[in-house]
Amino acid sequence: GLMPSGCEDSPSNWKDSEDDTCQDYTSNEWCTIFGDYGGGWKESWGVFSDFSSADGNIATSVCCGCGGGTCSDWPPDWKDSWGVFSE
């Protein structure tokens, strides 16, 4: 899938409650780069937060391919369309 340059999944070894990784989310098209549900996500599964990891993280905050992760190549004061600072 599409990946922003200079972005790293954070935490890089993240898995959701079903042991799925960011790679699973992007390769199965469960999410989009914009943090939306992808074509592979089935509505019957519920929402991303139903699969949050033990520490409460969800794919859209952790995975670059799902609109999350941390970015190293943007200015430190960069904000996304939601007004969220990159770390």
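Which residues does Ser 53 touch, not counting residues up to four places away in sequence? Trp 14, Lys 15, Asp 16 and Ser 17, where touching means heavy atoms within 4.5 Å.

This is a predicted model, in which local features need pLDDT of at least 70, side-chain atom pairs count only at pLDDT 80 or more, and totals for chains, interfaces and linings use all residues. Residues are numbered from 1 along each chain as its sequence is written, and side-chain values use heavy atoms, with hydrogens and water left out.

**View 1. Ser 53 in the loop between H1 and H2.** Ser 53 is buried at 8% relative accessible area (buried is under 20%, exposed over 50%, partly exposed in between; 1.4 Å probe, protein chains only). Its side chain makes a polar contact with that of Asp 55, at 2.5 Å (N or O atoms within 3.5 Å, one able to donate a hydrogen and the other to accept it; sequence neighbours count only if both atoms are side-chain atoms).

**View 2. Tyr 37 and Phe 48, a stacked aromatic pair.** The structure holds 10 aromatic pairs (ring centres within 6.5 Å, using the six-membered ring of Trp; planes under 30 degrees apart are stacked, over 60 edge-to-face, the rest tilted). In this one, the centres sit 4.0 Å apart with 25° between the planes. Tyr 37 is partly exposed at 40%, while Phe 48 is buried at 3%.

**View 3. The aromatic cluster.** Trp 14, Tyr 25, Trp 30, Tyr 37, Trp 41, Trp 45, Phe 48 and Phe 51 form one cluster. Here Phe 48 touches, among others, Tyr 25, Trp 30 and Trp 41.

Methods: Helices (H or I, at least four residues) and strands (E, at least two) are DSSP runs, numbered from the N terminus.
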